[in-house]
Amino acid sequence: MVYAANEARYDSMPYNRTGKSGLKLPAVSLGLWHNFGGVDTIENGVRLVRRAFDLGITHFDLANNYGPPPGSAEETFGRILKADLAPYRDELIISTKAGYRMGPGPYGERGSRKSMLSSLDQSLKRLGLDYVDIFYSHRYDAETPLEETMSALDQAVRQGKALYVGISNYGPEETRKAVTILRELGTPCLIHQVHYSMYERRFERGLQQVLGEEGVGSIAYSPLARGLLTDRYLESIPADSRAAGQSVFLKREDITEEKLGKSRLLNKLAQERGQTLAQLAIAWVLRQGRVTSALIGASKEHQIDDVVGALQRLDFSQEELDTIERILGNA
């Protein structure tokens, strides 16, 4: 059956300006870090991507090493793009990254010009694209001059292989330096992708201020704390969950009674607001326009529906914000 996108897909999704650029991102973006690898069924990936786009999610985020195996998420999305989304390419924001371990040898990771640009070429082949909308330096590489890594991003834009560039997992000082270098090169830094949730708040310790001062957008990955800020783990660890398997990203020992206790109290507040815990967590990340977009992962369509439902109520009273801080132990 030929896919035809929902004609009402833009009716309810907010789109936020990214920093000082002309680019707008949906308030919720879909990441393909998990559930799109070669070990996963492409049928489920198709359902997830279609559902996301039908709800107005136009941004799909990848990296060269997403899978497993590395590279397979880009291959999967490339197949979906060719079969379903090719007619909508100009409506999509597709991003990828380079920097973490992708392959063997000295050029299989990090931020050298050789590694960054060859990685982008391989990503484009896997995706079946001539260009990506955003190309990121996935992490700061202290072994490579920052000028070299940033000039590789600049070159990607000048070659027409990326429209915009960004950085991810950089500290405040490295971020300011990277932004300055890119500005001097004539290719402004569009966005910073940062780990941010109620349980991970390093973003607030300097980086958020730098981005505001420099006019750079932000996108928060793992805003649901890899599932801890959903109702999935409130009572037990489901047999089909990430924590019950062999995932290195969420282990049984990460699900402490202390965090579960906080999640249960947050869930109570969410219910009082007429939201699920996941919706509360997304609304909190997006509160007061602090973040351009919340980057979610999903294994089932209803999870995307749930998160998008958060956009119906993004406001918080001061009392609610104070309650959240008390629950988290910050007040």
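How many residues does helix 2 have, and how far does it reach from its first C-alpha to its last? Hi everyone, let's start there. Helix 2, residues 72–85, has 14 residues and reaches 18 Å, close to the 20 Å expected at 1.5 Å a residue (1.5 Å times one less than the number of residues). Helices here are DSSP runs of H or I, at least four residues, and strands are runs of E, at least two, numbered from the N terminus.

A word on the source: this is a predicted model, with local features needing pLDDT of at least 70 and side-chain atom pairs counting only at pLDDT 80 or more, while totals for chains, interfaces and linings use all residues. Residues are numbered from 1 along each chain, and side-chain values use heavy atoms, leaving out hydrogens and water.

Back to helix 2: 10 of its 14 residues are buried, so the rest of the structure largely encloses it. Buried means under 20% relative accessible area with a 1.4 Å probe, protein chains only. Among the buried ones are Phe77, Ile80, Leu81 and Leu85. The buried residues pack against helix 1, strand 4, strand 5 and helix 3, with contact meaning heavy atoms within 4.5 Å.

Next, please look at Phe60. Its contacts include Phe77 and Leu85, as well as Leu30, Val49 and Ile94, leaving aside residues up to four places away in sequence.

Finally, helix 7 (257–272) and helix 10 (318–328) pack at about 165 degrees, axes 9 Å apart. The axes are lines fitted to C-alpha atoms over the stretch in contact, with angles from 0 to 180 degrees between N-to-C directions. That makes the pair roughly antiparallel, a term for angles over 145 degrees. Leu266 of helix 7 and Ile324 of helix 10 are among the residues making the contact. Thanks, everyone!

Key: Buried < 20%, exposed > 50% of the residue type's maximum accessible area, 1.4 Å probe, protein only. Parallel < 35°, antiparallel > 145°, perpendicular 65-115°, else oblique.
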